[in-house]
Structures are given as C-alpha cells and as structure tokens.
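Please look through this protein structure with its contacts between side chains in mind.

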Amino acid sequence: MSVDRRSVLRGAAVGAAGVGFTTVGAVPTLAEAAPASHGGRTPFPQHKPFPPLLDDPKGILALPAGFKYKIVTQAGETKLKSGHPTPALHDGTAVFAASHGRYQLIQNHEVGSNNALGVPQIPGTVYDTGVGAAGGCTVIDVDKDGTNRGEWVGISGTLTNCAGGPTPWGTWMTCEETENKANGTTRLKDHGYVFEVWGDGKTAHPVPLKALGRYAHEALAIDQDRTHIYLSEDASGPNGTFYRWSAPRGYKLGPRSWQDLQNKDFGTLEALAILGDDGKPIPDVAYLTSAQLLRPFRVAWVPVPDRDGATTSVRKQFTDGQITRGKKFEGVFGTKEGVYVVNSYAESGTSDLPADAVPHDGMVWFYSYDAKTIQLVTYFPDNAAADLGADAKYDDYNFDSPDNVTVTPWGSLVLAEDGNASSHVLSATPGGPTYAIARNMLNDSEFTGPSFSADGKVLFVNIQTPGITLAITGPWREYLG
C-alpha cells in the first residue's frame with residue numbers, strides 16, 4: 001500500500017492503496033455466503049445493483065443517488081486534543097461501538113519518517129523516540145452523523161503503519177509495513193512489527209508483538225476460536241506471502257495476550273503453500289486465474305525458520321516452490337467461517353511476476369477454517385491500457401488493484417482501490433458482481449480503511465492523500481441487505 005502504483009506506471013510510460021472483526025458486539029458473518037465447498041447451497045448472496053455514481057459539486061466524492069458523505073478528519077485541518085494537527089496519510093481503520101451511542105475509530109497513519117504531519121509523540125504512547133513524528137495511530141470519537149467529537153493519539157514512534165485488524169476484545173492491532181532496523185540515529189529500535197492499540201489513549205503498551213514476525217506487514221485477522229492470527233505481507237523481490245500464527249495448545253488470545261506475544265518464540269508462525277493437484281506448492285498465486293474461480297485448493301503451512309528476520313528477511317528464508325508467493329498481499333478480514341485476503345495486482349514484464357504466470361489487476365481469496373482450503377472468489381483481469389495511465393472509456397466499470405477489504409453486516413465485501421485512473425470504493429459479491437459505490441474526485445489517491453458500523457448505518461473510508469476520513473450514509477440495507 002505504500003507504493004503509488006499509478007505514479008510508477010505513468011512514469012514508466014513516459015520513459016522512466018479490515019481486517020478481523022468490524023466492531024465489538026455484533027460481528028458480521030457469511031452464514032449465507034459460505035463457499036461452495038460447504039454444501040449444495042447457493043455459494044454467495046446476491047444484492048440489488050447500486051445506481052450510477054453522481055459527480056459531487058464539491059469535487060470530493062462521487063456517490064449513488066440517495067447517499068451522502070461528511071468529512072470527519074482532514075490532515076492539517078482538524079486538530080487533536082493535544083493541539084497538534086491531524087496527521088497525514090490515513091490508512092487501515094476500524095470502527096467500534098462507543099458510549100453515548102457514538103462510534104470510535106482507531107486509524108493508522110502510513111508516515112515513514114519524521115514529518116510535519118506525522119503522529120506526534122505523546123508521552124506514554126511512544127515506541128521509538130528516534131523516528132520523531134512519524135507513523136502511528138489516532139483515535140477518533142464520532143457521532144452517529146459523522147461529527148468529530150475529539151481525536152487523540154493511540155500509539156506513536158512507529159513507522160509506515162499500513163493496515164492491521166480489530167481484536168474481538170475491542171482493541172486494534174496496527175501493522176508496520178517496513179523491515180527497517182535500528183541505525184542508532186533516526187531509528188533507535190528495530191521496526192517491522194505488529195502493535196496493539198487501545199482506544200482510550202491512556203492504557204497504551206507500545207511494545208512490539210514479536211511472535212507475529214518482523215517483516216513488511218499489511219493486515220491481519222484473528223479467528224473466532226482466538227487460537228490463530230492470519231497476516232499478509234506486502235513485499236517484493238521476492239514477493240511476500242500469507243502467514244498464520246498459531247497459539248500453543250490450550251491457549252486463547254485475549255486482552256492480556258500482548259504480554260505473551262512480546263516473546264518472539266511464543267506460538268508458531270507459518271507461511272502459506274497452496275497445493276496443486278500434484279500435491280506440490282503452486283509457486284505464485286498468479287498461476288491461477290478466473291478459470292479457477294471458487295475452486296477449493298488444499299493448503300499447507302510451512303514453519304518460518306527465524307520470524308524476527310535477524311539476518312535474512314522472513315520471506316527470503318524460503319526457497320522457490322517451498323511456499324506460495326504473491327505480488328502485494330494486502331487486505332485481510334475474518335468471518336466466522338474463514339478469512340479473506342487480497343492480492344492487489346501483478347504486472348507483466350516485471351520481476352514480481354513469473355514469466356509463465358498471468359498478469360492480473362486484483363484477486364480476492366477466501367480461506368476456510370473448517371475445510372482448510374482456499375478459494376479465489378473475485379478476480380479482476382489485467383487492463384494493460386489503463387495500467388499505462390489512460391482513463392478507461394467506462395470509468396466506473398473499470399476496476400483494478402483492490403487493497404483494503406471489509407465484510408459488510410450483510411455478508412458481502414467492500415474493497416478499496418489503490419490503482420490506476422480513478423480510484424473507487426467497491427461493493428463485491430464473492431463469486432458474483434462488483435459495483436462502484438464511490439469514486440475519488442479530489443485527486444489520484446487511493447482509498448483506504450473501509451469499515452462499516454455494526455448497525456450498518458455508516459461506512460467510514462479514507463482518501464489516503466492528503467488524509468481525509470469520510471462518513472458515508474444512505475440506504476445501505478436496500479442494496480446490501
């Protein structure tokens with residue numbers, strides 16, 4: 001998510017983008033939407049098509065008729081309770097139920113170095129004093145109509161906080177998308193970890209959860225049994241993969257688990273291998289296409305030799321063919337039945353796509369806890385013309401580079417694009433159609449952090465640059481319920 005694919009590709013053309021449980025309490029499930037391998041039922045629900053998007057007179061957000069938005073925070077414009085300006089580069093976000101009928105957002109800021117609009121280092125929230133005002137998380141108290149009632153720092157002194165995932169006990173796990181080690185000056189500690197963040201801004205424990213590995217984390221989800229954590233890796237050269245952390249026998253994750261997860265040897269960390277018909281790992285997800293849509297594949301989990309990557313990056317500790325890699329493993333979101341994970345894209349002619357694999361503009365996978373299989377549930381074919389920066393003729397039908405993902409209270413998916421041409425927020429039915437439900441009219445920035453309130457009334461989403469959080473309301477149930 002930290003690389004702007006659009007600018008990279010356009011530069012080349014001229015010669016040179018939830019994760020776990022949405023809220024405390026009511027947890028959205030896919031009871032109606034179990035994959036085909038779970039029986040003879042219709043595999044996924046169908047929904048009423050969204051109306052066409054209408055341009056916004058204010059030039060910020062195109063929405064269907066009947067929907068409206070409200071700006072909750074804006075980098076450099078709104079203020080924290082400390083008096084500092086709201087930090088920039090909003091990213092992964094979760095929404096929780098709060099007191100007085102309000103919502104509470106915990107939000108990442110993907111700032112990679114000391115910055116005027118970085119997350120200020122508030123005493124008690126700081127991991128690494130050396131990085132200055134860099135990455136971290138803010139917490140936002142929001143009314144039902146999207147009115148901002150206060151914002152404060154949840155964690156600071158971290159780097160490139162990309163996505164993460166909510167916990168069943170009401171906290172947020174934020175992920176650093178970096179592998180930077182301490183250098184004695186601008187970094188006094190190693191980075192590339194997961195941290196747990198509390199919403200009150202007072203009970204912060206800014207310690208790295210080393211049991212979950214040190215690598216370019218993207219997002220994560222905790223399973224319903226509280227015995228596994230599923231984590232994605234957004235890295236290249238070689239491509240990253242999808243990981244599973246497993247608790248020791250008899251252990252259940254909970255509010256005090258951060259104390260145990262500080263130990264890098266606690267539990268087991270393993271990497272994904274999708275198995276072909278010959279029983280061997282498929283080397284890269286890009287060998288599979290829409291021809292395999294909804295087909296279940298068996299998987300294996302391969303132990304990580306050194307999860308802290310002391311001398312060799314975690315993904316580089318595996319030989320080719322030992323695990324399944326993929327370009328840009330991004331958003332992750334868990335349900336009662338399994339976990340979704342997204343690959344944003346894989347471009348032809350790059351070292352990140354095997355020469356005999358198939359380029360694509362997005363893949364969404366579903367891993368079933370019970371069946372222990374993984375299925376491709378949404379596939380965006382490669383659009384080479386749009387990759388070079390030309391606007392698609394039918395812009396609101398042309399989708400690419402899904403990034404963050406969330407499951408709605410009605411079981412379908414919402415995806416945030418980090419791609420070329422226009423960026424959209426998308427409604428996607430696994431195994432079925434995809435519709436545009438919002439378009440960024442402000443700039444070329446990606447959308448990030450889509451999160452539904454448990455009551456289904458508000459979809460919160462961010463425009464990453466400069467950093468704007470939006471509360472979108474409307475007849476969601478009519479189109480998703």
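Begin with Arg 102 and Asp 143, whose side chains meet in a salt bridge with 2.9 Å from N to O. The two residues sit in distant parts of the chain, 41 residues apart. Arg 102 belongs to the loop between β4 (90–97) and β5 (103–109), while Asp 143 belongs to the loop between β6 (135–142) and β7 (148–158). Arg 102 counts as partly exposed, at 24% relative accessibility, whereas Asp 143 is buried at 15%.

The model is a predicted one. Across the whole structure, a search finds 15 salt bridges. A further one joins the side chains of Arg 315 and Glu 179, at 2.6 Å from N to O. Here the partners are 136 residues apart, with Arg 315 in the loop between β15 (296–303) and β16 (329–334) and Glu 179 in the loop between β9 and β10 (194–197). Arg 315 is buried, with 5% relative accessibility, and Glu 179 is partly exposed at 23%.

Asp 277 and Arg 295 also form a salt bridge, and their closest N and O atoms are 2.5 Å apart. Both residues lie in the loop between β14 and β15, 18 residues apart. Asp 277 is exposed, at 68% relative accessibility, and Arg 295 is partly exposed, at 34%.

With these contacts placed, consider the chain as a whole. The protein's secondary structure comes to four helices and 26 strands. Of its 481 residues, 61% count as buried. The protein exposes about 16900 Å², and carbon and sulfur atoms supply 52% of that area.

Next come the nonpolar residues of the interior. In soluble globular proteins, nonpolar side chains tend to be buried together. The largest nonpolar core in this model has 30 residues, and Leu 231, Trp 245 and Leu 261 are the members that touch the most others. Several elements each supply at least two residues to this core: β9 (172–176), β11 (217–222), β12, β13, α2 (258–261) and β14 (268–274). The element that gives the most is β14, with three residues. There is also a second, separate core of 24 residues, and Ala 163, Ile 282, Val 285 and Trp 301 are among its members.

A search of the whole structure finds 23 aromatic pairs. One of them is the stacked pair of Tyr 230 and Phe 242, with 6.1 Å from centre to centre and 25 degrees between the planes. Tyr 230 lies in strand β12 (residues 228–233) and Phe 242 in strand β13 (residues 242–246), so this pair ties together parts of the chain that are 12 residues apart in sequence. Both of these residues are buried.

Trp 410 and Phe 452 form an aromatic pair with an edge-to-face arrangement: the centres are 5.8 Å apart and the planes are at 90 degrees. Because Trp 410 lies in the loop between β20 (402–407) and β21 (413–417) and Phe 452 lies in strand β24 (residues 447–452), the pair ties together parts that are 42 residues apart in sequence. Trp 410 and Phe 452 are both buried. They also belong to one aromatic cluster, together with Phe 50, Phe 67, Trp 476 and Tyr 479.

That leaves the cysteines. A disulfide is a covalent bond between the sulfur atoms of two cysteines. How many disulfides does the model contain? With 2.5 Å as the cut-off between sulfur atoms, the count comes to zero.

Note on methods
Residues are numbered from 1 along each chain as its sequence is written. This is a predicted model: local features need pLDDT of at least 70, side-chain atom pairs count only at pLDDT 80 or more; totals for chains, interfaces and linings use all residues. Side-chain values use heavy atoms; hydrogens and water are left out. Buried means under 20% relative accessible area, exposed over 50%, partly exposed in between (1.4 Å probe, protein chains only). Accessible areas come from the Shrake-Rupley method with a 1.4 Å probe; for residues, only the protein chains shown count as cover. Rings of Phe, Tyr and Trp (its six-membered ring) pair if their centres lie within 6.5 Å; planes under 30 degrees apart count as stacked, over 60 as edge-to-face and the rest as tilted. A nonpolar core is a set of buried Ala, Val, Leu, Ile, Met, Phe, Trp, Tyr and Cys residues joined through side-chain atoms within 4.5 Å. A salt bridge is a side-chain nitrogen of Lys or Arg within 4 Å of a carboxyl oxygen of Asp or Glu.
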